[in-house]
Amino acid sequence: MTLPGLADDGILLGARARDWREAVRLAGAGLERSGLARRQYADEMVRMIEEHGPYVVISPGLALAHARPGPSVLGDGLSVVVLDEPVAFGHPYNDPVRVVLGLAVATPERHLQLVADIANVFNDSTATQHLAEAADADAVRAILGAPAA
């Protein structure tokens with residue numbers, strides 16, 4: 001299955017963040033700019049990590065920030081943040097993180113499917129590095145196999 005459309009407004013390359021919270025909030029801002037989530041969704045993503053630890057760091061250099069489906073989600077989709085300087089999330093093996101994906105999904109069923117679809121993209125162990133080196137939004141979409149939104 002292909003990932004949902006990824007808008008230019010949801011892609012931020014060469015970003016700077018002081019810490020993981022700021023990196024996650026940048027991903028939330030991308031979801032908001034894309035019309036996929038309300039502003040408070042970024043706070044919900046941060047709170048999930050504060051409550052459950054850095055489980056969102058799913059492979060070396062890659063975090064998949066998300067929160068539960070709820071009223072702050074307006075649609076299904078992704079944002080992508082590539083940091084100039086990686087930040088630590090506190091993960092024992094996969095820190096530091098340079099690529100943060102923000103995921104917004106409206107229903108629990110679709111949430112599980114999209115997480116599985118994203119995991120399939122990163123079965124290619126070079127995908128995170130390719131995202132970190134992407135020159136533009138089209139390159140990001142090509143790596144993820146996501147159409148333009």
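Strand S3 (residues 62-66) and strand S5 (residues 97-104) run parallel and are joined by five bridges. The model is predicted, so local features need pLDDT of at least 70 and side-chain atom pairs count only at pLDDT 80 or more, while totals for chains, interfaces and linings use all residues. Residues are numbered from 1 along each chain as its sequence is written, and side-chain values use heavy atoms, with hydrogens and water left out. Helices (H or I, at least four residues) and strands (E, at least two) are DSSP runs, numbered from the N terminus. Strands of a sheet pair through backbone hydrogen bonds, either parallel or antiparallel.

**Sheet**

- Five strands make an open sheet with mixed pairing, in the order S1-S4-S5-S3-S2; two strands pair if DSSP finds at least two bridges between them.
- Strand S1 (11-15) and strand S2 (57-59) are the edge strands, each pairing on one side only.
- On average, neighbouring strands of this sheet are turned by 20 degrees against each other, direction ignored.

**Strand S3**

- S3 is largely enclosed by the rest of the structure, because five of its five residues are buried (under 20% relative accessible area; exposed is over 50%, partly exposed in between; 1.4 Å probe, protein chains only).
- Leu 62, Leu 64 and His 66 point one way from S3, Ala 63 and Ala 65 point the other way, and all are buried.
- Towards S5, Leu 62 stands opposite Val 99, and Leu 64 has Leu 101 as its bridge partner.
- S2 and S3 run antiparallel and are joined by two bridges, with Val 57 opposite Ala 63 in S3.
- The hairpin of S2 and S3 has two residues between the strands, and in this hairpin Gly 61 takes a positive phi near 80 degrees.

**Helices H1 and H2**

- The axes of helix H1 (residues 20-33) and helix H2 (residues 40-52) come within 8 Å and cross at roughly 145 degrees; axes are lines fitted to C-alpha atoms, for helices over the stretch in contact, and angles run from 0 to 180 degrees between N-to-C directions.
- H1 passes H2 in a right-handed crossing, that is, the near helix is turned clockwise from the far one by less than a right angle.
- Trp 20, Arg 21, Val 24, Arg 25, Ala 27, Gly 28 and Leu 31 in H1 meet Tyr 41, Ala 42, Asp 43, Met 45, Val 46, Ile 49 and Glu 50 in H2, where contact means heavy atoms within 4.5 Å.
- H2 also lies across S3 and S5, running at about 120 degrees to S3.

**Thr 128**

- Thr 128 is found in helix H4 (residues 127-132) and is buried, with a relative accessible area of 11%.
- Leaving aside neighbours within four places in sequence, Thr 128 is in contact with Ser 59, Pro 60, Gly 61, Leu 62, Val 99 and Phe 122.

**Arg 18**

- Arg 18 is found in the loop between S1 and H1 and counts as exposed, at 75% relative accessibility.
- The side chains of Arg 18 and Glu 22 are joined by a polar contact of 2.7 Å (a pair of N or O atoms within 3.5 Å; within protein, one must be able to donate a hydrogen and the other to accept it, and residues adjacent in sequence count only if both atoms are side-chain atoms).
- Arg 18 and Pro 86 are 68 residues apart in sequence and 9.4 Å apart in space, C-alpha to C-alpha.
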